[in-house]
Amino acid sequence: MRWLSHAFVGLVVFLVALPFLWMAYAAFIPPQLIFTGDIFSQLAFSLENFRVLGQEGFWDGFWGRLLFSALLTGGVTLLQLFTGFLAAYALKEGAPLLPFFLLLLAIPVELLLVPLYGLLAGLRLLDTLWALVLPFAASPFIVYLLFQGMRTVPEELLEAARLDGAGHRVLLTRILLPLLRPQLIAAGVLAFAAHWNLVLYPRIVAGGKELKTVQTWITDLQRQNPADWGPLSAAALAATLPLVIIYLLYERRIVETFEEGLKG
Amino acid sequence: MGRRSAYWFALPAVGFLGLFLLYPFLDVLRFSTWDWSGLSEPRPIGLENYRDILQDPDFYKSLRITLVFGAMTLAPFILLSILLALALDGQPYERPVKALLFLPGLVTLGGATVAWYTLFSPEYGALASLVPVPRWDQSPFWALVLVTLFTIWRHIGYGVLVVSARLKAIPKTLLEAAAVDGASPAQTFRFITLPLLRPAITYLLVIGTVLSLQSYTAVFLLTRGGPFGGTEVLGYYLYKTGFEVGRLGYAAALTVVILLLTLFFAAAQVRLLREEK
């Protein structure tokens with residue numbers, strides 16, 4: 001029985017990893033092999049697919065879009081952590097707002113395309129950078145995660161600091177910030193992945209060339225040249241690798257965060 | 001320093017969430033009574049949009065596809081989550097495998113679709129040069145299978161985590177006692193482990209139903225609702241009518257209908273599963 005279980009796990013691991021392995025393999029296939037269809041019969045290595053990605057000029061091409069998305073999503077993540085950290089502190093100090101945040105947690109953001117579009121149109125924010133930033137400036141999920149973390153900080157610690165004359169600023173920056181580092185990292189990675197992976201929303205509210213995210217850029221390329229896998233795979237790999245690396249660095253924290261969330 | 005002054009620190013989060021989450025959530029009701037293309041002046045038409053939905057054959061078609069998609073996804077997803085959690089429990093490779101299973105849920109969606117597409121495309125996919133790949137570009141059924149597999153691939157890590165957390169909460173003494181009393185491993189599983197896993201299974205079922213009623217991203221990326229509208233799930237129908245056809249008022253009414261359906265299904269499941277106990 002045991003070997004059957006090992007084999008089962010092995011098979012699932014292989015199937016789950018297959019698209020990643022293929023992505024990494026296809027990104028380095030020389031273009032001429034793709035055209036002749038000899039993709040598995042001979043091993044060859046080429047960086048040609050990555051070179052092609054920069055052809056449209058920097059800002060309109062892949063690398064510019066990757067940089068734009070990284071800066072945009074990075075900024076939104078910091079903003080979410082900032083608003084979430086402050087709100088979690090208010091909750092920890094007894095602000096009666098927990099039901100409000102839990103209620104918001106149940107609202108399916110992905111279904112709100114229409115009313116968000118209407119709101120942004122009313123505020124004249126469509127096709128501006130703000131349309132990609134402001135609706136994500138705060139997240140109930142991040143507030144909740146950080147509040148969970150703050151609950152584990154002993155009250156005596158904060159009380160002692162207060163007796164020594166520490167104000168909110170000192171408590172937040174000198175005591176809570178270093179103590180919550182693990183939770184902030186895990187929440188940050190999750191917030192980053194969530195914003196980075198928006199697909200339809202950016203297309204609808206900010207479809208212009210200057211505001212195109214890397215996600216939209218890849219999807220457009222796939223629509224235009226579905227058979228041209230070399231550059232497609234290179235773009236997919238280059239856009240995926242940063243997330244994979246960040247995830248692997250903090251994998252333990254992230255999985256634990258989810259496990260703790262399940263207990264609560 | 002009064003502790004109440006700390007309450008003010010919640011203000012930025014409350015402000016942003018109030019304006020960009022709670023307000024749109026309520027505002028969708030107002031939009032749903034409009035005839036509105038986004039560019040034109042909105043014209044209030046009362047409940048006409050809802051009346052139209054009830055008579056819209058495309059709506060019923062997507063509802064049916066969504067329910068089929070939900071059933072096709074959830075049954076294997078839950079079964080696989082349980083089997084994997086059991087197979088992984090206590091193994092030396094438990095941690096790294098769980099970490100790997102979690103990865104597809106976080107990586108760049110567009111990139112992941114490219115990998116799936118170039119791998120499974122029946123015309124010029126890499127797999128097609130080794131084994132025959134079903135023509136999911138022509139068969140609605142196989143297209144739905146592809147979307148289902150992609151969805152399971154992305155979320156299996158979370159499913160395993162949920163079952164596994166519950167599995168670890170079962171006291172080992174309970175299982176040992178059963179073994180001492182002469183229960184076979186199959187009996188132990190059937191009469192002790194499985195009933196105790198119930199809360200985790202219920203949770204996955206309810207969350208999974210909610211998500212599958214509302215999902216559309218995978219469909220947009222892989223099949224765009226096709227072939228022949230065979231993968232047009234409700235969420236995708238909502239996107240299409242709102243932003244491709246340009247009937248935002250109608251799409252707002254669809255949003256409300258989807259939310260009500262979600263609520264109905266979640267409540268019904270919780271109720272049914274509770275009564276069975």
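Helices and strands are taken here as DSSP runs, helices having at least four residues and strands at least two, numbered from the N terminus. On this basis, residues 66-250 of chain A are 74% helix and 0% strand, with the end C-alpha atoms 22 Å apart. This stretch is the one that UniProt, in an unreviewed entry, annotates as "domain: ABC transmembrane type-1". The structure is a predicted model, with scores of ipTM 0.89 and pTM 0.91.

Chain A contains 14 helices and zero strands. The C-alpha atoms of chain A occupy a box of roughly 75 × 60 × 30 Å along the principal axes. The unreviewed UniProt entry also assigns the label "transmembrane region" to residues 66-90, 97-117, 129-147, 184-204 and 229-250 of chain A. Two of these spans may be described individually. Residues 66-90 of chain A are 100% helix and 0% strand, and their end C-alpha atoms lie 36 Å apart. Residues 97-117 of chain A are 62% helix and 0% strand, with 27 Å between the end C-alpha atoms.

Within chain A, helix 4 packs against helix 11. The axes of helix 4 of chain A and helix 11 of chain A come within 9 Å and cross at roughly 135 degrees; the two helices are therefore oblique to each other. The crossing of helix 4 of chain A with helix 11 of chain A is right-handed. On the helix 4 side of chain A, the contact consists of A:S69, A:T73, A:V76, A:T77, A:Q80, A:L81 and A:G84, and these meet A:L184, A:A187, A:G188, A:A191, A:F192, A:H195 and A:W196 of helix 11 of chain A. Sorted by class, the contact between helix 4 and helix 11 of chain A holds seven nonpolar and seven polar residues, and no charged ones.

Chain B has 11 helices and two strands. The C-alpha trace of chain B spans about 75 × 70 × 40 Å along its principal axes. The mean pLDDT of chain B is 90, and 98% of its residues score at least 70. Among the elements of chain B, the highest mean pLDDT, 95, belongs to helix 3, whereas helix 7 (residues 172-180) has the lowest, 87.

For chain B, the "transmembrane region" annotation in UniProt, again from an unreviewed entry, covers residues 7-26, 65-88, 100-120, 140-163, 200-222 and 248-268. Residues 140-163 of chain B are 100% helix and 0% strand, and 32 Å separates their end C-alpha atoms. Residues 248-268 of chain B are likewise 100% helix and 0% strand, with end C-alpha atoms 30 Å apart.

Helix 3 (residues 57-88) of chain B also takes part in a packed pair. The axes of this helix and of helix 6 (residues 140-168) of chain B come within 7 Å and cross at roughly 40 degrees. Helix 3 of chain B and helix 6 of chain B are therefore oblique to each other, and their crossing is right-handed. The residues of this contact in chain B comprise 19 nonpolar, seven polar and no charged.

The contact between the two chains involves 73 residues from chain A and 66 residues from chain B. On the side of chain A that touches chain B, two or more residues each come from helix 1 (2-26), helix 4 (62-92), helix 6 (113-122), helix 8 (140-151), helix 11 (181-196), helix 12 (200-205), helix 13 (214-224) and helix 14 (229-263) of chain A. Helix 14 of chain A gives the largest share of that side, 14 residues. By class, the side of chain A that touches chain B is made up of 54 nonpolar, 14 polar and five charged residues.

One helix pair that spans the two chains is formed by helix 1 of chain A and helix 4 (residues 94-102) of chain B, which pack at an angle of about 35 degrees with their axes 10 Å apart. The crossing of helix 1 of chain A and helix 4 of chain B is left-handed. Helix 1 of chain A contributes A:V9, A:V13, A:V16 and A:A17, and helix 4 of chain B contributes B:V97, B:L100 and B:L101. The contact of helix 1 of chain A with helix 4 of chain B has seven nonpolar residues, no polar and no charged.

Key: Residues numbered from 1 in each chain as written. Chains lettered and ligands numbered in written order. Predicted model: local features only at pLDDT ≥ 70, side-chain atom pairs only at ≥ 80, totals over all residues. UniProt positions renumbered as here; feature names shortened; annotations may be inferred. Contact = placed C-beta atoms within 7 Å. Nonpolar A, V, L, I, M, F, W, Y, C, P; charged D, E, K, R; others polar. Axes fitted to C-alpha atoms, helices over the stretch in contact; angles between N-to-C directions. Parallel < 35°, antiparallel > 145°, perpendicular 65-115°, else oblique. Left-handed = near helix turned anticlockwise from the far one by under 90°. pLDDT = per-residue confidence, 0-100.
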